[in-house]
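User: Hi! I'm new to this one and would like a quick tour. Could you walk me through it?

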Amino acid sequence: MAKAKTDLVIVESPAKARTIEKYLGKDYKVVASMGHLRDLPKSKMGVDIEHGFEPDYIPVKGREEIIADLKKRAKSAGMVYLATDPDREGEAISWHLKELLQLPDEKARRVTFNEITKNVVRESMQHPRDIDQDLVNAQQARRILDRIVGYKLSPLLWRKIKRGLSAGRVQSVATRMVIDRENEIKQFVPEEYWHLDAKLRRVERPSEFTARFYGTTEKKMELHSEAEVNEVAAVVEKSPFVIHSVKRGEKQRSPSPPFITSTLQQEASRRLGMTPRRTMSIAQQLYEGVDIEGEGTVGLITYMRTDSLRLSEDALAAAGEFITSRYGKEYYYGKPRRYKAKSGAQDAHEAIRPSIVTLTPERVKKSLTNEQYRLYRLIWGRFTASQMANAIYDNVVIDVRSDKYLFRANNSELRFAGYTAVYEESADETTAGQKKPLPDLREGEPVDLLKLEREQQFTNPPPRYTEATLIRAMEEKGIGRPSTYAPTISTITAREYVVKEGRYLRPTALGEVVTKLMEERFPDIVDLKFTANMEEELDEVESGKCDWKDLLSKFYTGFEDSYEKAETALEGVHLKVPDEVSDEICPKCGRNLVYKSGRFGRFLACPGFPECDFTKPIVVEMPGKCPKCGGRILKRTSKKGYTYYACENSANCGFMTWDVPTKDLCPECGKTMFKLSGKGQRKPFCINEECPNFVPEDKRGYRRRAKKDSGEQADGSAKKDDGSSEGSGK
């Protein structure tokens, strides 16, 4: 009997191909297409608008050898399984492959893998399907929409502003969001308010605690002026303090749901310092498969482009068994926790989770790169915690009365760790300080007033977006989809419409000029609701409820009208991008330096060029002040690429540290506090040697190696490991 032909499986990447081929065995040959092999041409629009938006797809330049090899393999193969990623773009890649390789319907089958494990891969291969043309059409519609906007508007921006600019549906809206936030900050009017704290001492078995002004016995009050503070102080300083009430109770905290694309990007940005693009690149590696010692090649996580919180029943059962066996029955919630996705979610795939929960981060650490390990630990921890018991806190609230006024002290202490034994979500903004346990007070017990402390405060403007908070805002407003968040942010920073200053995103003058033109001439393109509605219409194309060419026609009618009006209105107009003036002073001529862009990025330059040719690199100003001279603290990079922090008056002051300045001030000496560099929440500490709160270097948590030599650096500061300690800022 003649041997049956080997079946061909086509995926996108070599790593994915190696993993899947090991699972399928010798009857299958798995090869990689290396991504898209057919696309719209780069040299022209490639869309015949007048004849029903017909796209002109051509083979991708430089992929001729891959295409020829795939054609040869497909011709001699039995069945051809198109196993690209399980999303719109993956479906489109499979469709393009089928068309490019001229595969008949009966020979081309589509398979998808939500996770790349042996069981799932083999099971999926038993249930192939036809290519989903609705998914393909949704992707075609998105691609052509973006091509029309980009190829029509980008040349207009080149002519009216400067060469090299681009416009796009989602990137234009994202830039506008950053600009709108900047305008909110500029227009913000701070409001004054005051804290009034009473430092109290128990009469019996003396112990001290602090209570903050709360209001009267009838209602809560806020203090808006020094006069109001003095009015309260005048009364309570003459009146005895007595414990008005003591309320003890239990508070429970539930775990966060498992990750979806947006929350993974947000948490990786906050906790690991990864850009959204880097996060998705590392997640793709974990999904496609890694060689694990003792296990072989394993896809460690499920598909990472998803907006669904759904979890498979097998995964829920496995998590319950694992938690019970490893942590104890009390740490399991008792039944599977199921989470509901937000309205409008496509719900095409599961939430992001480990493929095999028993492959703990510690077990696979030796087989992973540092970045892979850190991201896998985050994903594994979040999923495992999502199925664990609540954390339980003992909560006490004490109200202290003086005359008609109440002061309140409260404290929570962890009684049962629950899910926090595995994972605790980080916050976008963290503040210093910790609450001390309260004395065991009784209702009616008298306490002595030691002193009143007044503190003036002002409300803060909304913070600038970080990459994490911009992604969250885009998701909340329905701008883009899981696959677009990372490339959108990369695009607006690469075009220098937005720049990163530390963690924060700030619009540039160029971004503001481009966005103003777009708002005036193409209001729909930068309108948040219009863009969100367009995403919903693309979802309707995917579900088969809307024809993709009808969607394109409807959009283009209004867009073409706006474009023609803009061409007429802007005839002969060239918009100037104003210089962004910095606070830095040119040491040669005394002018304020301005921001410029060059082949290596942005820099500072004197506006007096060519008479004055002074330039300097951009420095990042950190929060706080130099503890030695009170100057600004600047972020610097050493010759070996490590980050450190130094006083702006380096020649005269000499202050330098590897520790990160914070916005917090020491409650004892009032000087800037620092924290260990690295990812995650770190407790600030004081480095002022004359302060009672001073924390010596050897108590700050560094992990040191034996030094090769002793001595000091040129600036006189203590020499450290070259980035090997936990405090390294690389």
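User: What stands opposite K251 in β14?
Analyst: Y393 does. This is a predicted model, where local features need pLDDT of at least 70, side-chain atom pairs count only at pLDDT 80 or more, and totals for chains, interfaces and linings use all residues. Residues are numbered from 1 along each chain as its sequence is written, and side-chain values use heavy atoms, with hydrogens and water left out.

User: How many bridges do β11 and β14 share?
Analyst: Eleven, in the antiparallel sense, between β11 (residues 241-253) and β14 (residues 391-402). Two strands pair if DSSP finds at least two bridges between them. Strands (E, at least two residues) and helices (H or I, at least four) are DSSP runs numbered from the N terminus.

User: And which barrel runs through those strands?
Analyst: A closed one of six strands with antiparallel pairing, in the order β9-β10-β15-β14-β11-β16. Neighbouring strands there are turned by 35 degrees against each other on average, direction ignored.

User: Which helix packs on that sheet?
Analyst: Helix α7 (residues 226-236), touching β9, β10, β11, β14, β15 and β16. Its direction makes about 175 degrees with that of β16. Axes are lines fitted to C-alpha atoms, for helices over the stretch in contact, and angles run from 0 to 180 degrees between N-to-C directions.

User: What is D403 in contact with?
Analyst: V235, S239 and P240, leaving aside neighbours within four places in sequence. Contact means heavy atoms within 4.5 Å.

User: How far apart are D403 and I489?
Analyst: They are 86 residues apart in sequence and 56 Å apart in space, C-alpha to C-alpha.

User: New topic, α8. How many of its residues are buried?
Analyst: Eleven of its twelve, so to speak "mostly covered". What covers the buried residues includes α9, α12, α13 and α14.

User: What length does α8 reach?
Analyst: Helix α8 (residues 261-272) reaches 15 Å from its first C-alpha to its last, close to the 16 Å expected. The expected span is 1.5 Å times one less than the number of residues. Just after α8, G273 takes a positive phi of about 70 degrees.

User: What does E267 touch?
Analyst: E267, which lies in α8, touches F259, L272, L378, Y423, E425 and S426, not counting residues up to four places away in sequence. E267 is buried, with a relative accessible area of 0%.

Methods: Buried < 20%, exposed > 50% of the residue type's maximum accessible area, 1.4 Å probe, protein only.
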